[in-house]
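Please read it alongside the sequence and the structure shown here.

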Amino acid sequence: MSITRDQIEKVALLARLELSPEEAEKLTSQIAAIVDYVDQLGELDTDQVEPLAHPLDTSNVLAADEVQPSLSREDALRNAPRHDGEYYLVPPVLGE
Amino acid sequence: MTMALVDLTAREHLARLTAGELTSVELTTAYLDQIERYDESVGSFLHVPRDQVLERAAQVDHRRQRGETIGALGGLPVAVKDVLCTRDMPTTCGSRMLEHFQSPYDASVVERLLAADAVILGKTNMDEFAMGSSTENSAFGPTRNPWALDRTPGGSSGGAATCIAARMAPLSIGTDTGGSIRQPAGLCGVVGLKPTYGRVSRYGLVAFASSFDQVGPITRDVADAALMLETLAGHDPRDSTSIERPVPAYSQSVERPLTGLRLGIVKEHYGPGLDGQVEQAVRAAIDVYRKLGAEVREVSIPHGRYGVATYYVIAPSEASSNLARYDGAHYGYRTDQAEMTAALSRERAGLEAAGDTAAADALDAPLVRMYRRTRAEGFGPEVKRRIMLGTYALSAGYYDAYYLKAAKVRRLIRQDYEQAFQQVDLIAGPVTPSPAFKLGELVDDPLSMYLLDLYTVSANLAGIPAISLPCGLTDDGLPIGLQLQAPHFEEERLLRGAHMYQHETDWHTRKPPLL
């Protein structure tokens with residue numbers, strides 16, 4: 001299955017990436033080539049195979065429900081591009 | 001004196017430090033001088049705070065002189081890959097996105113190193129966010145292979161491997177998601193160990209693909225890797241995927257040879273694409289095991305040939321999710337907001353003037369545009385490619401065909417290993433299909449670059465431990481690596497088996513001509 005430029009633009013929005021026209025062009029052909037290669041997985045019959053999400057069979061690792069020290073507000077904000085000492089500051093969410 | 005000192009192994013240094021024949025300041029100074037001498041041409045390090053490093057070394061010396069109990073790595077310099085969080089040094093992940101990031105905490109492995117009284121020498125260069133096999137994807141410039149400066153050291157732990165090869169550090173830690181410890185170790189003629197998934201804490205390891213990522217040592221020889229793993233391994237309640245199991249005293253057992261070793265060779269490994277000289281060196285290494293009394297058996301990993309395809313669906317999928325955190329809001333780079341807002345207004349005005357209200361309505365909201373532009377400017381091409389690939393594989397309509405399918409094949413690959421390890425104790429084979437390639441050779445051909453991970457990704461897919469050790473040089477003098485793999489949590493067997501080889505051979509003592 002071949003990938004179109006239009007699909008790449010849609011995926012870029014989902015991925016929250018802005019692509020230049022040159023980047024979009026290049027990625028269309030590169031991702032198409034990779035996906036073509038990956039399509040060989042289709043040769044395998046996996047109907048009876050359970051997916052493996054994790055290499056070891058661990059489940060339900062729980063921690064005690066206790067209050068522990070965590071990152072201070074000051075530390076959490078220290079690397080923020082913009083903040084007011086209490087909150088992260090971002091551009092308008094719903095337009096101007 | 002200096003040259004002789006940096007040629008010793010970490011364990012030899014440790015013996016001298018313990019005996020009071022050497023101070024950490026002397027030792028650390030020798031390595032810092034080596035960095036000054038060679039790192040301009042190699043580019044292993046992104047950050048070496050000389051004064052801070054020496055101050056720490058002096059503290060350890062002082063405590064030793066006062067007779068205090070000193071940790072297992074007391075006074076040994078250790079280089080740390082720049083994907084592991086350090087409170088006292090920058091953590092950039094080789095990315096513009098984190099160029100000015102200062103972690104508020106230390107990774108668990110860094111805490112362990114400090115608790116063992118190691119001296120952190122600096123942060124090493126890497127492919128951006130550990131995505132790559134050549135260290136050319138670092139935003140701060142490539143690392144070069146000390147054996148041939150026009151060639152790549154491999155990646156993503158290129159800095160971590162080259163600093164060992166060029167004697168700029170006695171010990172180093174890297175991370176391995178699809179081969180990022182073993183491949184550069186193989187291409188640089190040093191030892192690199194990827195532990196079992198869950199053996200070493202990932203807390204404070206900046207996530208790339210969380211079901212694969214694992215921290216491990218890169219060292220000059222196997223005994224040093226055993227020493228290092230002993231410090232790094234163990235359960236950490238802050239990483240829910242780390243496993244609660246006792247840590248064997250690897251450094252005590254490593255010199256004990258395995259008796260009655262059944263060594264597996266994978267018949268699918270020796271096909272087209274495997275360089276003739278690499279094959280010859282690997283077969284010669286297997287002959288060394290035969291001579292040592294090992295029984296060599298052929299095994300099959302029938303789904304191994306699907307490893308690269310499987311890996312390059314799952315790992316980018318996990319990456320696309322993990323890297324969503326770089327949003328320009330919480331930490332890291334953000335695009336120039338005034339410029340971004342002005343551009344958006346101009347676009348809107350243009351579309352409205354042309355009467356295209358539909359297009360004007362479809363424009364990004366300012367927050368979305370901020371995300372998109374921040375990520376466009378902060379990430380390099382390979383990271384964008386993987387985010388795009390992963391987002392595609394997880395998107396509606398493709399999830400079943402790609403992500404789910406790959407997760408099923410992953411189980412088949414793990415099963416192949418389970419079956420093989422019923423017949424053999426260790427599996428031996430190549431690390432890479434060919435020796436180090438030239439800088440720039442594969443930059444525009446991502447698929448060919450991915451295919452070089454053929455022999456390393458399977459261990460990550462199955463979660464098993466694997467080690468890379470030097471087993472030869474090509475006619476051009478480029479290192480060749482031997483890979484050994486073991487069942488889950490059999491690092492002790494892996495290290496003992498690897499040490500048997502090094503006891504018989506001297507490839508691990510060879511030095512790059514640069515030195």
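**Helix packing and the chain contact**

In chain B, helix α11 (residues 307–322) packs with helix α16 (residues 400–423) at an angle of about 125°, and their axes lie 9 Å apart. Because angles over 145 degrees count as roughly antiparallel and 65 to 115 as roughly perpendicular, this angle makes α11(B) oblique to α16(B). The model is a predicted one.

**The α11–α16 pair**

- The crossing in which α11(B) passes α16(B) is left-handed.
- On the side of α11(B), the contact is made by B:Gly307, B:Thr310, B:Val313, B:Ile314 and B:Ser317, while α16(B) contributes residues including B:Tyr402, B:Tyr403, B:Ala406 and B:Arg410.
- By class, the residues of this contact of α11(B) with α16(B) divide into eight nonpolar, three polar and one charged.

**Chain B against chain A**

- In chain B, 57 residues are in contact with 43 residues of chain A.
- Elements of chain B that give two or more residues to the side touching chain A are α11, α12, α14, α15 (381–394), α16 and α17 (446–451).
- From α16(B) come eleven residues, the largest share of that side of chain B.
- The side of chain B that touches chain A has 30 nonpolar, 16 polar and eleven charged residues.

**Helix α14 of chain B**

- Helix α14 (residues 366–378) of chain B has 13 residues and should, at 1.5 Å a residue, span 18 Å, which agrees with the 18 Å between its end C-alpha atoms.
- The buried residues of α14(B) include B:Pro366, B:Met370, B:Tyr371 and B:Gly378, together with the arginines B:Arg369, B:Arg372, B:Arg373 and B:Arg375.
- Among what covers the buried residues of α14(B) is α12 (337–353) of chain B.

Definitions and conventions
Residues are numbered from 1 along each chain as its sequence is written. Chains are lettered from A and ligands numbered from 1 in the order in which they are written. This is a predicted model: local features need pLDDT of at least 70, side-chain atom pairs count only at pLDDT 80 or more; totals for chains, interfaces and linings use all residues. Helices (H or I, at least four residues) and strands (E, at least two) are DSSP runs, numbered from the N terminus. The expected span of a helix is 1.5 Å times one less than its number of residues. A residue is buried if 20 or more other C-beta atoms lie within 10 Å of its own, exposed if 12 or fewer, and partly exposed in between; C-beta atoms are placed from the backbone. Two residues are in contact if their C-beta atoms, placed from the backbone, lie within 7 Å. Axes are lines fitted to C-alpha atoms, for helices over the stretch in contact, and angles run from 0 to 180 degrees between N-to-C directions. Angles under 35 degrees count as roughly parallel, over 145 as roughly antiparallel, 65 to 115 as roughly perpendicular and the rest as oblique. A crossing is left-handed if the near helix is turned anticlockwise from the far one by less than a right angle, and right-handed if clockwise. Ala, Val, Leu, Ile, Met, Phe, Trp, Tyr, Cys and Pro count as nonpolar, Asp, Glu, Lys and Arg as charged, and the others, Gly among them, as polar.
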